[in-house]
Amino acid sequence: MKWFFAITEQTLSNDPDHGFIDCIRAAVQSARENTTLIPHMVFDGNECDFTREMRAAGVNVIFHRLHFYDRLLDAQRRLKPEWPNYIFTAAGAFMRLELPLLEQEDQYVLYTDCDVMFLKDPQVEFCKPEIFAACGQFGKQDYYVDMNSGVMVMNLERMRRDLPAMVDFLCDNLDYVAGYDQELLRIFYNAQWSPLSARFNWKPYWGVDDRATIVHFHAAKPPAARHLLDDPAYREHDHVFHAWRHWFFQNPAGYGYYVPQWEKYLEKARQSYQPGVVSEFDALRIEE
């Protein structure tokens, strides 16, 4: 099954807290070791050392910018002028809505955010949603009241038909949507999506579960969680960091279990990268 994730060059160059480059490295390494997924990175930016590294790791790199980038920027300036930096995050967050335009062969694909770790092969081929399937966000069974778009099985044929209307609605109602892709999907589809079991979007603040298939570092990213594991007082009085601290301390043991695993995948990814070299195994996967 094809797996897609997306990032922008702007995000990678201005990323003080998330560590998205390392998040992607660990995600790809864990997928290579534990799954049969075929990885695709949608990248808004120019060819660079990181895109070459991803290609060497067997990732299909697709250079693309939102087809409605200018319309969205205009909507932000008209309807949410108090959000001057909105487009920088939106350019990456809404990229999942572009998959119906970018992928023309397969009807169903897996999309994840960059901050995931694959512990098992998802094998979600059984999941053929009418629109998309997703898990809950902060609660394990909050499939409909608090859907999280960080892991989705997407029906590209259906979402391709809906995309023009969805973009029109977003750009006409950005002040009402007041968010990114997740908020748009919640409003536009009004809980008509399909539920996906929590093990496919497992959060460390839920603790440890042997059934967890995809671990999603939804709040504190692993580099930040490592700081908190080593020093619980880390950024204690930083209001920007408050939410991440809150969710970390819901279950420090969960982070203590999953972060070291993430660090091992990251170290393997760093050690295995040789500029200009693509392994025979990965070359075969790319051809598939």
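Student: Quick one to start: what does Q123 count as, buried or exposed?
Tutor: Q123 counts as exposed, because its relative accessibility is 53%. Exposed means over 50% relative accessible area, buried under 20% and partly exposed in between, with a 1.4 Å probe and protein chains only.

Student: What kind of model is this, and how are residues numbered?
Tutor: It's a predicted model, where local features need pLDDT of at least 70, side-chain atom pairs count only at pLDDT 80 or more, and totals for chains, interfaces and linings use all residues. Residues are numbered from 1 along each chain as its sequence is written, and side-chain values use heavy atoms, leaving out hydrogens and water.

Student: Okay, back to Q123. Where is it?
Tutor: Q123 sits in the loop between β5 (116-118) and β6 (132-136). Helices (H or I, at least four residues) and strands (E, at least two) are DSSP runs numbered from the N terminus. Q123 also has a positive phi of about 50°, although it is not a glycine.

Student: And what about the phi of A178?
Tutor: A178 isn't a glycine either, and its phi is positive, at about 50°. A178 is in the loop between α8 (174-177) and α9, and counts as partly exposed because its relative accessibility is 37%.

Student: New topic. At what angle do α2 and α12 pack?
Tutor: Helix α2 (residues 20-34) meets helix α12 (residues 252-272) at about 90°, and their axes are 8 Å apart. Axes are lines fitted to C-alpha atoms, for helices over the stretch in contact, and angles run from 0 to 180 degrees between N-to-C directions.

Student: Which residues make that contact?
Tutor: Among them are D22, R25 and Q29 of α2, plus W262, Y265 and R270 of α12. Contact means heavy atoms within 4.5 Å.

Student: What does D210 touch?
Tutor: Leaving out residues up to four places away in sequence, D210 touches K120 and Y257. D210 is in the loop between β8 (194-195) and β9 (214-216), and is exposed, with a relative accessible area of 63%. Its C-alpha atom is 9.1 Å from that of R199, 11 residues apart along the chain.

Student: One more: which residues are buried in α3?
Tutor: In α3 (residues 49-56), the buried ones are F50, T51, E53, M54 and A56.

Student: What comes just after α3?
Tutor: G58 does, with a positive phi of about 95°.
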